[in-house]
Structure formats: C-alpha cells, structure tokens
Amino acid sequence: MKIALIDTGISKNEINNRCEVRHFSLVKQKIVEEYKDPGDVHGTECFKEIVSNTNSNQIQILDINILDESGDIQVVSIISGIKKSIEEKVDIINISLGLTAYSQELYDVCEKAMQNNIVMVSAASHNNTISFPADFNNVICVKVDQQQTEKIKTVDHTTVSIPMKDFIIREKDTEFDFSSSSLACARLCGYLCDDLGSMPLNDKFKILSRKYNIKLCGNDDMNDSDELRQCGIQEILLNNRVGVVLFPSNLLELVNKDLMHKNIVAYYDHKKCEFISFKDGLPKNDFDVIIILNSSYIDLEVPETIKEKYINYQVICIGNFINMDYNQYLYDYNEFKASEISVLKAPVIAVTSLCSGLNKSDIQFSLLKSLRQDGLEIESVSNNPIGILCGTNVFNFPKELKFPDIVYSINRYMYLAEMNKGIDAWLINIGGAIGQVNSLNTYNFGKLADAYFSAANIDIALMCVNPSIDVDNLKLQLAHLYKHGIEKVFIVLSHNDIDPTTMDYRDGLQTYCIDHAKYTAAAEYLKNNMEEQVFTLEEVEEGSLYRSVIETLS
Amino acid sequence: MYLSKIINSGSNMYIYDALNNSFATINSEEDFLDDEKYADFLINNEFRDIKKPCKFDVKYSYSEDELNNMYSSRIKNMTLALTEQCNLRCKYCGYMPKYMDDNHSLKEMSKEVAFKAIDILMMNSHESELCNLSFYGGEPLLKLDLITECINYISNKYPFRKPSYNITTNAVLLDDKVTDFIIKNDIKINISLDGPKEQQNKYRVDCNGNGSYEKVYHNIQAFYQKDPKFFRENVTYNVVMFNGASNELYESVDNLWKSNVNMIDLFPTEYFMNLRDKDDDIKKGEKIDIRTYDFAYKNMLKGMKKYYNSFSGVACSSTILPGGFCVPGVRKNFVTTDGRIIVCEKVDENQEVFEIGDVYNGIDINKIRRLVDKTLESMDKCKYCWAAKFCKICFKDILNINNEFCEKSRKDVERELGYYLDHVNTDRGLVNYVANISLI
C-alpha cells in the first residue's frame, strides 16, 4: 500500500524504521522529491497515527510537505500534492487539513484521483461548518464522535466518524491543542490500509461500499431539474389581493412604497385599528388574504380567534409565531439539493451584521431601490419576512444548520436562479450575525453567514455594526470576512446599540435607538479608527454607499 | 485600599480590584502591609496600585431622547393594581396600615383607568420583544370581572395581538371557575405561599385571624389536578421568608410542582415588626446545604450570572451605574387604582419621587428625570464602594441607603464573590451552566 500524506511534513527523526518513507516538498511552487524540515508536528503526528493503526508491514508513505516558504498552506499546493500523488500511483491520499473556500480546481483533481482508484480521506471542519476537500462528494470526510462504540461508523454516504478524544501535544515547553478530526482521519487511513491492501487490483470503492456503505460519487445525480419554482407566498401574491399586518407595527416606515408588490393593497393601522389602502389612505377591506408578518426574531403569539374574526379571508402568519406556522410558504434551503458547487456568475453584495436589529433590511431596501432605478435586474434575498413586501425572495431561517448541505443548497438555489432569470447582481441580506455577541448565542448565530461565504463568491460585504462596537473585535470579524475571500467590505453604522440590560434575555439581546450626539461621535470614532469606508445611515439614504458599491462593481 | 477588597472565602484569599474588575489569589493580608512585598505583588500580578486613591464615575446610561424613544415603542409591561381590597390580612403586608385604618376607604380601579393603561402598553410596545399585562392588587381575583373586561377589550381592539397575562394572587379564590378562565386565556399565575401549614398560617390570615393554608392548598391541588402540564408551565410561587431560610422551608418549596419560585426577603414594615413573633429568629444560624435543594441551588447560580458577565466581558469602565436598575417606564409600570404610574410595584407608591406618569398622559419625562436625579444623588457614596458594581440596589432602595443597607450589601457581595471565585470560576461545567442562564 502506498499512502500519500499531504500535510506539514514528517520529521525524519520520528520515522524509526516503521516503514519506508519518501519525502517530497514544495520548492518554488513545485513538488519535488526533497526533504524539508517540517514546520510543525501536525504531519508527524498524522504519520504516527497511520502506521500505528495498520497491521500491514507493506506500506510506503509519501511525505508530501506542502508548506510554502512562509509556512502557509495554499489551495494550489494541495492541488499540486494531489497531482503528485496521482502521478506516483498511490492507493490512499490522507489530507488532514482543509479550506473553507470552495475551489473547482481542487474538486476536479479529487475527481481525477477517484478515477485513478485512489481513495481520499480528509478531516472534517473543527467548527462543524465546511471544509474542503473533506466536504466534496468524492472524498471520505472523517469526523469525530466521542460517544460511539464502533471503530468506524458510517454517518452518511461520504462521511464516517471515529471515536477519538482531543489531546494536547507538547513540543519542548509549548502545548498544542491538536484537533482530533485530523488524527481521526489519519487513523481511518491506517484502518483502510488493512481493508484495501490485500488485493491491489480491486476496485477500492466497491470494497468501501460493501463494507461501510460509503458511496462516493463524482457525478451529481440529484440535480434532476433545472427549474426554479416559486415559493408559496409568491404564488399567493401573484394570484390574490393582500392586506398585511406588520410586527413591529412601525415596519411599514422602512419599506419604500415604490418597491411594494402591486397586489399588496392594504395595511393594518394599529392605531386606527383597521385596514387602510396604500393607494388613497382610506379604510379598505376588499382583499382576499391577510398576511401577518413578524419581522423580529422574537416569537409572537396571535389570538386563536383570528380565523373566526376574519372568516372571509385566508389568514397566513409569516415569521416567528408561537402558535402558528405557515413558514412553508417561504423558500426552504432544504428544497435545494446538490452535491457539488456550481460556478456563479452574477456579482454578489451581501448585507450582514454583528447582531440582530442593526438596520440590515433598511440598507438592503435602500440599495435595492437605487439599483432597480438604474435598470439593473437585482435578485434580492433575505431571511427577514418583511422582504416579501417588495419582491425579495425570503428563505425561512433554518432552525438547524447542517454543513455542508446548507452550502450546497444555497449554491444550488443561486445557480438555478441564474439559469432561469437574467440577473445582473445579487443582493443578499443574511439572517443572523457574523459572530458571537453574548453568552446566549454561542453556536448557530452567525453560521448562516459562513454558509453563504462558502456557497458564493461574495464581492462586497456590507457590515452593519452597533455604535459601541469594540474596534478590535470589529477588526477580528472583518478578518473573518477577508479570510473567506471577500475583497471589499463597507461598514454601515446602525442607529441601534445593544441594550446591556438585555444581555441575559432568554430571547437574545435587544437593541435601542441611541441619540444623535452619541451616534455622531461613534461614526467619527469608527471613521478615524477603521481602514474600511464607514457609512452612516444618513449617508446610505443620501446615496453614498450606493455610489461606492457601483464603483467597486464596475 | 481604594475600590478593592480582600475576599476571604474560607478556603482561599483573594484581592479584588473593582476598578479594573480583576482579582488575584493572595496568601495573607500581610502581603499588603509590607511595602516590599506589596511592590512585588503589583509587579508579579500586573495589578493596579490599590493604595492609590481612585473612584468610580457614577452616571446614568440613557439620554432623554433615548428614553423617549423607548417610551414610544418599547414599553414591555403594565401592572394594574385592580383593587386595594384583599380577602386576607397578611401581617407583613405593606397595606396593613390602610386595612387597619377605618377612615381609609380602599380604592378600586375603574374600567376607564384600566383601559387607558392598556392602550399605553399596546400603542407603545410595537418594537418590544415582550408585551405583558399583569393583574395585581390587593387581591386581583376579587375583580375577576374587570380582568375579563380587560382581556376582552384587548381582544376586540387589538385583534392581531395577544399580550402575555399574569395574575399575582393569594389563591384563596382560585376555584374551579377561575382556573378554567385562567387556562382558557393562557394566564400565568404567581401564587403567594409561605410554605408548610404552620408557616403559611402564621401571618397569612383572614380578617378574623384564621389561617389560609387549608383553602389555598386545596385550591392549588385542584388546579394542578385539572391540568398538570399547564400548572407546571405557568404557576410560580412567591415565598416571603419572614423567618429567614430554613431546611424545613426549603424542603417544602423544593418539592412543589412548579415552574419557578421567588424567595422574597421580608420587607420589615413598622406595623409588622411590632407584632412579629419573637421566636421567629430562633432558627437563625441553622446550616443549610443549598445544593440539596434544586430550586435554591439554581437560584443561587442565577445570582452568579452577574459575576460571570463581569469577568467574561470584553471591557470594563470606571463609569458605572451601580446595582441592577431597570429602565424606568419600560420594564415595569405599576398602575395604581387611581391611574398614577409608579416605577414598579415594589416601591412605596406614596413617595412622590417614584411616580413617573399617569394613564391619561403616559410616561412623563420630567418625572423620570426627577427619579434619575434623585437616584444619582442618593448613590453619591457608591463612587467609593468596591461592591458597587454587584450591589443589588434598585429604585426601591434609593430612599433607604444608610450604613446598615450598605454594610449588608457589601457582605452579600463578599460572600457571593468568594463563592464565585472558589466554586464557579474554576469549574468548567459550572461556568458553562452559568453562562447559559438567561435571567429574563
């Protein structure tokens, strides 16, 4: 068995005649057969894990050290490592590392390895998000499940889990928290040497399929239709006249009437306690459907008696409600399935934030209006139900984000939309936030943003921040955006700040509108301390942000 | 030492720096007496020179513009005192002097006042995550008709909205008909219950001095049997610890089928202190292992949250507002029978400073300013207090901040902080648990 270990290098001192090792390293961006001292212990520990978990004494390891001169790992280096492994006709490629950004070239070279009867194993993301190549459908993704009793457990057709505890490696006086999925991957590699090693001519993928129900596939067999269906709410708006009841009740002030869907004819005036026509401001009841929209992420309760009171209308509640769930009328990420990432063409503008309640929808609508006025075909996407008022495609905010599926789903949706519509640009308001803002949202809050970053190449990110944002924290979060390959970030300062008295609220923290003096001071402070362009809401309204966006895109 | 304190938890000794919100373990207090040792300590621990004078800057966080904005969109609650009348005469009740005064006529809330208070809540809560209407008394179930009218008023005038409802009751009138109404309207119930029969009957008595336990217990049991799930999710208890904490009380409370328990420290009214049973103090000093009682242990860990927040926060500032003040006019608004809005139900409603508006004109920013100014004035000495950040002071205390209050508060903070540093801060499981507690 010949195994390629594409990693940070194996230390010669640690081999101890355990097996034959050939050393390769990156020299001037090419893989050559030459030993280079490893940059850290990662590669060596993976090596030890492989050889100590196989009974075969007929193994040869190709140590492919892909660290570049500055000690970094680039996607091109991984690709070169795989190409070298194919050239060397290895049986298994072990890649206990990964990248969050999708690369078609990386996918293609993995495909080529598979066609050459080479099994690739790769470590799953440590953050439970996405990692390539592990999350490609032609690579075995290795996770850790500390609870499982089985040696190898099949999670799905391309994923297995291994029981393994995290542990610390000491090198001299320094301790490294060695992530376990890396070692789990190497351990699986060791096991597979035994499973696949006896008869080298066998189709390794058939053995994997029979023994572990692992079915790697190169061709996407799930994308049977290229049609993009409308979601339920779009069909209702197309075929009915609608009155809307909005929560919060001041929501209407945020929506530009020019953008309003033509079949939304009336709104409920919470003060007058009746439906009012958008057209003439007079009471109006001649519509067929009442849509109750809750735009906040707090669950609302509406009286059970609504249906009796409005018996002549179809009543639909969209958003977070305790006792009603009509969110099947919205788009659902799970509807869109794929097993590979498609290349998207239209530029993507993403609106994101560090907390909820920071005017993301205001900014989206302001830009949307300007872009449409310029005659551009903008595909607008949001998780905020208010989007349905002005022709935005609204996705139900997922209760649980499953990676990598969510990434493929988003990409698939965008691909289908591009195939079926003429789109000049995407304007996406991503629900949730980039990072943790209090102790109660340590997990799901912000993961959707990660999924979008992996699913689409985002050209411009508009980062909405609260006035008391800590600049160091903001820089850290922006680094997160840049790491995902986002080239341009504009900061938009919200009028709302986090109310510290709500830090321990069960429903998450709340914001409140700060006064003008504090807002002006915060804007000045941010402008003086951030390299990125900072916009106030007034500047957004006046068109400065729009002009900068257009300038960047063109 | 300035804005700092040596915390002796029994097992360990710490020095806590309130200004920088940091702490270090020390061997003995003597480390601070010897100049050389003290200098070494400062260098080794990168500690502030706590012998150098300093003080907090005490400031109110919200401007009037911000508060006005909240009053137009983020009001969260109205608590309606439907009546001053009550069917019990609990001896520690703040209304007892009124009940004893034959010349005082006990007032009732009119429908007009109730509806106006409701309108303020409903019209000004459109951005609030919470919209709550509480019925309070006296005994609010004496005014079940008005409660029904309020709920119907909301249902008719605001057909698309459903606030959450609460009733705080002594449970004497909690009969079959009432519990049907409560379940139908999804109302949360807060029952005042002081524990086992002997404790409940001691001070929670009717006009003739008869204990209320039998009636109350029977009603609670019947309510539970009618719908255990509803009961578990919607019934909480208020327990007044007139005799302090005891194993007997904790055991009986812990065994209740309930969603939560609020243990309330006795507010010692003059009336009550004169007739209080002198034997009440007899159990003082009884050792209680709080971990034995699930509800008490959870309550205690809730109290640890502010320490966790403080030490895990990103930054600290010398500008603070001591204590745990809520935003007046937002979270709690106590509406008296005659329509005055008081900052919360726990304060003395007869003190003018606590009045923040009325149902006819809404929240009055001038009255809010008066309250805030008085609060800041009364907290002047907090600038020099090492315990200010963790003090439990709130509006109900601002007229009573004397040395006794401050000493007790500092003792409480010292004990809690010691517990946090000894037991929570070093236990990863507990840190996780405390981090995930939501207080509201």
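I count two residues as in contact if their C-beta atoms, placed from the backbone, lie within 7 Å. I also keep in mind that this is a predicted model.

**Entry 1: a loop residue in chain A**

With that cut-off in hand, I looked up A:Q58. Leaving aside its neighbours within four places in sequence, I found A:Q58 in contact with A:M1 and A:G197. I placed A:Q58 in the loop between α1 (42-51) and β4 (60-65) of chain A. I then checked A:Q58 against A:K360, 302 residues apart along the chain, and their C-alpha atoms are separated by 60 Å.

**Entry 2: the nine-stranded sheet**

Next I followed the strands of chain A. Nine of them form an open sheet, in the order β3-β2-β4-β1-β5-β6-β7-β9-β8, and the pairing is mixed. I found β3 (30-32) and β8 (153-156) at the edges, each pairing on one side only. On average, neighbouring strands here are turned by 25° against each other, direction ignored.

I picked one pair to look at further. Strands β7 (residues 140-144) and β9 (residues 159-162) of chain A run parallel and are joined by four bridges. In this pair I saw A:V142 opposite A:V160 of β9(A).

I also asked what lies across β1 (2-7), β4 and β5 of chain A. The helix there is α1(A), which runs at about 155° to β1(A).

**Entry 3: the five-stranded sheet**

Chain A has another open sheet to trace, with five strands in the order β14-β13-β12-β15-β16 and mixed pairing. Its edge strands are β14 (274-277) and β16 (314-319), and each pairs on one side only. The twist from one strand to the next averages 30°.

I compared two pairings within this sheet. β12 (residues 242-247) and β15 (residues 289-294) of chain A pair in the parallel sense over six bridges, and A:G243 stands opposite A:I290 there. β13 (residues 264-269) of chain A and β14(A), on the other hand, pair in the antiparallel sense over four bridges, with A:A266 opposite A:S277. The hairpin of β13(A) and β14(A) has four residues between the strands, and I noticed that A:C273 in this hairpin takes a positive phi near 60°.

As a reminder to myself: side chains in a regular strand alternate between the two faces of the sheet.

**Entry 4: two helices**

I turned to α4 (residues 180-197) of chain A, a helix of 18 residues. From first C-alpha to last it reaches 25 Å, close to the 26 Å expected at 1.5 Å a residue. Where does α4(A) bend? I found a bend of about 25° at A:Y191. Of the 18 residues of α4(A), 15 are buried, so this helix is largely enclosed by the rest of the structure.

In chain B I looked at α1 (residues 35-45), and the picture is another one. The number of buried residues among its 11 is zero, so α1(B) lies largely in the open. B:E46 follows α1(B) and has a positive phi, near 45°.

- A:K89 is not a glycine, yet its phi is positive, about 55°. I found A:K89 in the loop between α2 (75-87) and β5 (92-95) of chain A, and it counts as exposed because 11 C-beta neighbours lie inside 10 Å.
- B:L3, also a residue other than glycine, has a positive phi near 45°. B:L3 sits in the segment before β1 (4-8) of chain B and counts as buried because 23 C-beta neighbours lie inside 10 Å.
- The peptide bond from A:F403 to A:P404 is cis, with omega near 0°. A:P404 belongs to the loop between β19 (393-394) and α9 (405-420) of chain A.
- The peptide bond from B:G137 to B:G138 is cis too, with omega near 20°. B:G138 is in the loop between β6 (132-136) and α5 of chain B.

**Entry 5: where the chains meet**

Last, I looked at the interface. I found 28 residues of chain B in contact with 32 residues of chain A. On the chain B side, α2 (64-73), α5 (144-157) and α12 (294-312) each supply at least two residues. Which helix gives the most to this side? It is α2(B), with five residues. By class, the chain B side has 12 nonpolar, eight polar and eight charged residues.

Conventions. Residues numbered from 1 in each chain as written. Chains lettered and ligands numbered in written order. Predicted model: local features only at pLDDT ≥ 70, side-chain atom pairs only at ≥ 80, totals over all residues. Nonpolar A, V, L, I, M, F, W, Y, C, P; charged D, E, K, R; others polar. Expected span 1.5 Å × (residues − 1). Bend = angle between axes of the 7 residues up to and from the residue. Buried ≥ 20, exposed ≤ 12 C-beta atoms within 10 Å, placed from the backbone. Pairing = 2+ DSSP bridges. Axes fitted to C-alpha atoms, helices over the stretch in contact; angles between N-to-C directions.
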